[in-house]
Amino acid sequence: MLYSALIKPLLFQLDAETAHYTAFEALPLLTKPFVGAAARASLGVDRAACHAPRLARTVMGLPFANPVGLAAGFDKDARHVEAWDAVGFGHVEVGTLTPMPQPGNPKPRMFRLPPDRALLNRLGFNNGGAEVAALRLQKRPEGLIVGGNIGKNKDTPNERAEDDYLKAFDALADAVDYLTVNVSSPNTPGLRALQDREPLQRLLHTLQERNQRRREPRPLALKLAPDLTDEQLREAAGLAVAAGFAGLIATNTTISRAGLVTPAAAVDALGAGGLSGAPLTARALEITRLLRAELPATVALIGVGGIMSTDDARARLAAGADLIQLYTGFVYEGPALVTQICRAL
């Protein structure tokens, strides 16, 4: 494959964030007449295979062409939604988007751990703001489900977090098919404290109340951290169900560094951040099983974290996920992974 033989080795010569945006800005080539078809074929991308009728499913009341999605964080500002459709994704989650634009944390802030097939990032919700993304989403491919992942600005204290989530919700609700509440990123100081029972319950109910005032309410989902205890996960799931949320997303990145092949000193030198990729596979799979056992059948479960292969995708769906999302697996395996999973399913 062109990606593994040529593109990935070249990209991996660059620092992780530079490589991300270098490849990111080349994505529109996949949508161009003639050139796009050749590029997709050389990358092992077969959109038609990802739109086989047997792959279609209805989740959260929405029609997904297939269960494979792009996780939040990859296309924060909804810049290349058409390209993700060309790759074959059944849905794309843009964001995390905040009410006001913000630059994120100082660079360098994204790193690879190749021996572990992992990424470490502390990007910090760098984005151009929810309103700008909503404008871009006025033009998007028909049939592609788009979710909007929302969070609070870094300088907004937790006491006023609800205001930020409401502003981001209002900006995006007309432009997306569903919305995800992100209180689980480790890269915004204090954000994970919003997963505690009282603030989480208040936030979820506040957003749902605003949602239900709309002529067409949007399905709402809650994204959880893998570092919560099983009891905390059960409690958060119960709060989401009680608030009428349509789904849960398991999981975000982890702050754990257990079991890594990369030497501890090298990992420590990279600093703080959320770890994604293969080291997260087992815990994310375990959480998927746990949550599926807790949730009513009517509440969707989206599995993300460490899905690096077709076997990982099958395992996550077999554990009870209704949909799956890719991020680090896409970086290490390339666009062909989407087609491979669709064919395997």
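Among lining residues, Ala, Val, Leu, Ile, Met, Phe, Trp, Tyr, Cys and Pro count as nonpolar, Asp, Glu, Lys and Arg as charged, and the others, Gly among them, as polar. The legends below describe close-up views of a predicted model.

**View A. The largest cavity has a lining of 12 nonpolar, 17 polar and 2 charged residues.**
A search of the whole structure finds 1 cavity of 30 Å³ or more, and the space in the largest cavity amounts to about 420 Å³. Its lining is made up of 31 residues, among which A72, N121, N252, T253 and Y327 are the closest to the centre. Two or more lining residues come from each of the strands β6 (118-121), β11 (274-277) and β13 (323-326), and likewise from helix α13.

**View B. The largest pocket holds about 520 Å³ of space.**
This pocket is lined by 25 residues, and those nearest its centre are Y3, I7, L11, A23 and F24. The elements that supply two or more residues to the lining are α1 (2-11), α2 (16-26), α3 (35-42), β5 (110-113) and α13 (328-333), with α2 giving the most, 6 residues. By class, the lining of the largest pocket consists of 22 nonpolar, 2 polar and 1 charged residues.

**View C. The second largest pocket has a volume of about 180 Å³.**
Of the 18 residues that line this pocket, Y21, K76, D77, R79 and N126 are the closest to its centre. Helix α2 gives the most to this lining, with 5 residues, and α2 also gives the most to the lining of the largest pocket. The lining of the second largest pocket divides into 6 nonpolar, 6 polar and 6 charged residues.

**View D. A salt bridge joins the side chains of R109 and E17.**
The distance from N to O in this pair is 2.9 Å, and the structure as a whole holds 17 salt bridges. Because R109 lies in the loop between β4 (91-97) and β5 while E17 belongs to helix α2, the pair ties together parts that are 92 residues apart in sequence.

**View E. Helices α11 (residues 281-294) and α12 (residues 310-318) have axes that come within 9 Å.**
The two axes cross at roughly 20°, and since angles under 35 degrees count as roughly parallel, α11 and α12 are therefore roughly parallel to each other. On the α11 side the contact is made by T281, A284, L285 and T288, and on the α12 side by D312, A315 and R316. Sorted by class, the residues of this contact are 3 nonpolar, 2 polar and 2 charged.

**View F. The peptide bond from G95 to T96 is cis.**
Omega for the bond between G95 and T96 is near 15°, and T96 is placed in strand β4. A cis peptide bond also joins A250 and T251, where omega is about 15°. T251 is found in the loop between β10 (247-250) and α10 (264-270).

**View G. F34 has a positive phi although it is not a glycine.**
The phi angle of F34 is about 65°, and the residue lies in the loop between α2 and α3. Both of these helices are among the elements that give two or more residues to the lining of the largest pocket.

Notes
Residues are numbered from 1 along each chain as its sequence is written. This is a predicted model: local features need pLDDT of at least 70, side-chain atom pairs count only at pLDDT 80 or more; totals for chains, interfaces and linings use all residues. Side-chain values use heavy atoms; hydrogens and water are left out. Axes are lines fitted to C-alpha atoms, for helices over the stretch in contact, and angles run from 0 to 180 degrees between N-to-C directions. Helices (H or I, at least four residues) and strands (E, at least two) are DSSP runs, numbered from the N terminus. Angles under 35 degrees count as roughly parallel, over 145 as roughly antiparallel, 65 to 115 as roughly perpendicular and the rest as oblique. Contact means heavy atoms within 4.5 Å. On a 1 Å grid over the protein atoms alone, a cavity is a set of points where a 1.4 Å probe fits but cannot get out, and a pocket is an open set with protein on both sides within 12 Å along at least five of seven lines; lining residues have an atom within 4 Å of a point. Grid points are joined across faces, edges and corners, and a volume is the space filled by probe spheres set on the points. A salt bridge is a side-chain nitrogen of Lys or Arg within 4 Å of a carboxyl oxygen of Asp or Glu.
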